[in-house]
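I opened this notebook to record how the parts of one chain are arranged. The entries follow the order in which I looked things up.

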Amino acid sequence: HKGNAGVLVAENAAPELTDAFLAAAPSIADAYEARDFARAMREIMGLADRANAWIADKAPWSLNKQEGKEAEVQAICATGVNLFRQLVIFLKPVLPLLAADAEAFLNVAPLSWNDHTTLLGNHQLNAFKPLMTRIDPVKVQAMTDASKEDLVASQTDTGQSAPAGNGELVKDPISPEIDFDAFAAVDLRVALIIKAEAVEGADKLLRLTLDIGDEQRNVFSGIKSAYPDPSKLDGRLTMMIA
């Protein structure tokens with residue numbers, strides 16, 4: 001918005017797209033309420049993909065080189081900023097620091113969920129600063145390789161690949177590392193503990209009734225010694241492998 005002194009114009013260049021963002025809000029909110037964060041992220045990323053495709057199709061950077069297109073460019077950019085603002089609102093529950101940086105750029109008070117029903121217009125923006133930097137796969141690979149070299153060097157220096165002595169790691173060694181594909185196949189869910197109770201005749205087990213949104217499940221956990229009063233777990237959140 002350099003051509004408009006950083007002021008966001010009030011025109012909406014994509015009413016159907018902004019309406020789609022508005023219509024998606026209840027479903028995203030339901031996903032958050034059900035603690036189905038994976039579904040919430042999928043829906044938000046779907047909206048982001050639509051916004052990116054729309055901006056790429058309009059190509060304001062090309063229009064800006066054509067005479068007489070200034071107003072159209074400003075409308076496209078304003079709509080893009082408003083779509084970005086909507087995405088920030090949807091992501092704020094899980095990315096609060098990113099949202100705070102975006103609020104500083106947008107020159108607005110802390111955003112709340114209900115703000116998704118409005119659009120900014122005739123509004124002064126602050127100077128833009130990159131909110132995130134793109135991950136460089138080459139640097140990630142270099143860090144991974146360096147950590148492997150450090151591990152090999154450490155094992156070489158000590159002359160052993162396993163802990164010595166009578167510590168807990170000797171009694172119960174750490175399992176071999178798994179690759180990312182194996183980790184991604186594990187379906188982890190945040191579950192609400194509806195009820196925790198002792199298991200008759202069991203010294204270590206508690207029976208937990210867990211709510212994972214659309215259904216409840218009963219699981220057993222060997223944590224009785226840590227919670228002599230199981231009722232203190234009621235209403236708390238835990239991780240469950242679904």
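The entries below cover the overall fold and then the domain interface.

**Basis.** I worked from a predicted model, in which local features need pLDDT of at least 70, side-chain atom pairs count only at pLDDT 80 or more, and totals for chains, interfaces and linings use all residues. Residues are numbered from 1 along each chain as its sequence is written, and side-chain values use heavy atoms, with hydrogens and water left out.

**Fold.** I found eight helices and six strands in the chain, where helices (H or I, at least four residues) and strands (E, at least two) are DSSP runs. Along the sequence I read the pattern β-α-α-α-α-α-β-α-α-α-β-β-β-β. The radius of gyration (over C-alpha atoms) is 26 Å, well over the 18 Å that the globule rule gives for 242 residues, so the chain is more spread out than a compact globule. That rule is 2.2 Å times the number of residues to the power 0.38. The C-alpha atoms fill a box of roughly 80 × 50 × 30 Å along the principal axes.

**Domains.** An automatic or database assignment gives domain 1 (7-124) and domain 2 (179-241). I noted 38 Å between their centres, taken over C-alpha atoms.

**Interface.** Four residues of domain 1 are in contact with eight of domain 2, contact being heavy atoms within 4.5 Å. The two domains bury about 390 Å² between them, 50% of it on carbon and sulfur atoms; this is the accessible area (1.4 Å probe) lost on being put together, summed over both. In domain 1, Ala34, Arg35 and Asp36 lose the most area to domain 2, together 90% of what that side buries.
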